[in-house]
Amino acid sequence: MITQHISDTVSESIIHTIGNTPLVQLNRIFKQKKFNLFGKLEAANPGGSIKDRTSLFILQQALADGRIKKGDTVIESSSGNMAVGLAQACLYYGLKLIVVVDPKLNSHTEKILKTYGVQIEKVIKPKDDGGFLAARLERVQYLLMSIPNSFWSNQYGNQNNPLTHHKTMTEMMDSLDGKLDYLFVATSTCGTLMGCADYIYENNLDTKIIAVDAVGSVLFGGPPLKRLIPGHGAGVPSQFLDTNKIHDYIYVDDVDCARGCWSLLENESILCGGSSGGMISAVKKYSKHIEEGSNCALFLCDRGERYLDTIYNKEWLLQKLPESRNAFTPLGGWQVA
């Protein structure tokens, strides 16, 4: 075996490039703001989203504990990003992967998953109680019972989901020399939200965490409503959420997400996904509560390429979210082919 010295700047493998993402100052997006705004660029992860971190940490812990081994089958329910993160890590570790999705999965993500060799199970009918998420989780349980040597990564209840983000918070606090006044976090499983909140609580930090939830999500007691943009909000209660550790929460709708995405692109040249746009809109809505000189941060959770057929498609916006026409103007105006 030939040994050689490898520079510290060379990563040992693709999974070693996950995390340590850049923190980007967003100077242009709010012209009149009196606070500092930073975005944690999770789109820089190799699989393109913050779920790369969650997927890797859950699988590494399961491998270390002997709950899975090479050749076993991992099963998960996902609206997209967790599936891609798992696909990358499972292929690296020699694990099979089945993901349960619903019709909101975009075609770009579906092509990525098929390229990784993932088996896709699609539910087409929502449950009366819990919608598509409940239907996906029901299919997961069926698959677990019928497939030998299968393992549910369970992003909805696995405590390694929130634990993942203690490191994410460490990175952010180190970048800001410990001064972070407000952190905006999109909800879904609430793993990222509560991982950050637990870190803040355990380290006795003054950071105020603001949950950004989707209109139509049930997480903070709102009624379940139809939502078009995946990746944030939920149709069933979170197993992680502890509202006592959350300073406040704010709702954004699909138009807010699209408006925020286009604003982020136009002003900062950053192409990100729907939940990132939602957080940009949330900061704007919440800005009157933010003290002058505060350091504020949010997660730029995933890449925008997966939303080219929806949020960044003007025809789709005009058809599915016609109110967008009066809410914002995308780059190049509303002219469509």
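**Group meeting talk: a walk through the model**

Okay, let's start at glycine 216, which touches Pro223, Pro224, Leu225 and Arg227, leaving out residues up to four places away in sequence. By touching, or contact, I mean heavy atoms within 4.5 Å. Before I go on: this is a predicted model, where local features need pLDDT of at least 70 and side-chain atom pairs count only at pLDDT 80 or more, while totals for chains, interfaces and linings use all residues. Residues are numbered from 1 along each chain as its sequence is written, and side-chain values use heavy atoms, with hydrogens and water left out.

So where does glycine 216 sit? You'll find glycine 216 in the loop between β8 and β9 (248-252). Helices (H or I, at least four residues) and strands (E, at least two) are DSSP runs, numbered from the N terminus. Glycine 216 counts as buried because its relative accessibility is 7%. The cut-offs are under 20% relative accessible area for buried, over 50% for exposed, and partly exposed in between, with a 1.4 Å probe and protein chains only. From glycine 216 to serine 188 you go 28 residues in sequence and 12 Å in space, C-alpha to C-alpha.

Now zoom out. How many helices and strands does the protein have? There are 10 helices and 10 strands. Of the 337 residues, 54% count as buried. The C-alpha trace spans about 55 × 50 × 40 Å along its principal axes. A compact globule of 337 residues would have a radius of gyration near 20 Å, and this protein has 20 Å, so the two agree. That radius is taken over C-alpha atoms, and the globule rule is 2.2 Å times the number of residues to the power 0.38. Also, take the contacts with a separation of 6 or more: 69% of them join residues 24 or more positions apart.

Next, a pair of helices. The axes of α7 (residues 254-268) and α8 (residues 274-286) come within 6 Å and cross at roughly 90 degrees. That makes α7 roughly perpendicular to α8. Axes here are lines fitted to C-alpha atoms, for helices over the stretch in contact, with angles from 0 to 180 degrees between N-to-C directions; under 35 degrees is roughly parallel, over 145 roughly antiparallel, 65 to 115 roughly perpendicular, and the rest oblique. Among the residues making this contact are Asp256, Arg259 and Gly260 of α7, plus Gly277 and Ser281 of α8.

Let's stay with serine 281 in helix α8. Is serine 281 buried or exposed? With a relative accessible area of 6%, serine 281 is buried. Skipping residues up to four places away in sequence, serine 281 touches Val252, Asp256, Arg259 and Gly260.

Methionine 173 lies in helix α5 (residues 160-175), and its 6% relative accessibility makes methionine 173 buried too. Beyond four places away in sequence, methionine 173 touches Gly178, Lys179, Leu180, Tyr199, Leu205 and Thr207.

Asparagine 20 is in the segment before β1 (23-25), and its phi is near 50 degrees, a positive value in a residue other than glycine. Asparagine 20 counts as exposed, because its relative accessibility is 59%. Asparagine 204, in the loop between α6 (191-202) and β8 (208-214), has phi near 55 degrees, again positive in a non-glycine residue. At 68% relative accessibility, asparagine 204 counts as exposed.

That's my tour, thanks!
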